[in-house]
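I opened this entry to note what I looked up, item by item, beginning with the aromatic rings.

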Amino acid sequence: MTRQIGIVKAMAVHQKTTRSAPEKIEGSAREKLLRAAGELFYAEGVHTVGIDRVIERAGVAKASLYNTFGSKEALVTAYLTERAQTRQEALTQRIAKEAAPREKILAAFDVVAELVKRPGFRGCAFVNASAEGQPDADGVRGVCTSTRSWTRALFTELSRELGVREPERVGARLALLYTGAVVSAGMDRNPDAAEDARALAAMLLDAEAPKRTRRARS
């Protein structure tokens, strides 16, 4: 009887351990570390998560991190760089489905609307990292700055295609609406922020677009 009780307890411990164990991460050491870092840094913050937790989640040796990235700061930079590339690819692919510049611009806000409604959304990863005061200007802040520049350049080019008089000014305003939608959705827990920003972007484009473009839409 005592042995049976011991077996039952052992099975219970095993089941509990199995349920609480993190999902096994496949791939190279670099891929494992980036995925683990992406999950932990985004969910809990760059400063909050220590390097040992990333290594444990990734299931790699500590030396693998330093051999691959050299430091935690470099890992954070790589995590943000990969996230920026993923976001840019999503925007580029979605915009490519539209033919007219106006619809391409508004499609970017549709991407945000889908993003902010995903489970686990925690706001803008780049704003979050910047707010944590990362000191590495050439790394973390550099990625955040280049990401914002890419977004402004995208909206500026599409505004130029639309034929507005001042594409740089309109592009900057569209980028402001885009960033504001992500920040508001994260900080205010407002899933409708992206749709509201899209509506404002449409009003801006209607006011700035050449008359021939507005006539074509009517």
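**Aromatic pairs**

I found four aromatic pairs in the structure, where rings of Phe, Tyr and Trp (its six-membered ring) pair if their centres lie within 6.5 Å, with planes under 30 degrees apart counted as stacked, over 60 as edge-to-face and the rest as tilted. I looked up Phe109 and Tyr178, an edge-to-face pair at 6.2 Å centre to centre with 70° between the planes. Phe109 lies in helix α6 (residues 101-116) and Tyr178 in helix α9 (residues 167-187), so the pair ties together parts that are 69 residues apart in sequence; helices (H or I, at least four residues) are DSSP runs, numbered from the N terminus. This is a predicted model, in which local features need pLDDT of at least 70 and side-chain atom pairs count only at pLDDT 80 or more, while totals for chains, interfaces and linings use all residues. Residues are numbered from 1 along each chain as its sequence is written, and side-chain values use heavy atoms, with hydrogens and water left out.

**Burial**

I noted Phe109 as buried at 1% relative accessibility and Tyr178 as buried at 6%, where buried means under 20% relative accessible area, exposed over 50% and partly exposed in between (1.4 Å probe, protein chains only). Phe109, Phe155 and Tyr178 form one aromatic cluster.

**Helix α7**

I then turned to Ala129, which is found in helix α7 (residues 125-131) and counts as buried at 2% relative accessibility. Ala129 and His47 are 82 residues apart in sequence, and I read 8.9 Å between them in space, C-alpha to C-alpha.

Definitions and conventions: Helices (H or I, at least four residues) and strands (E, at least two) are DSSP runs, numbered from the N terminus.
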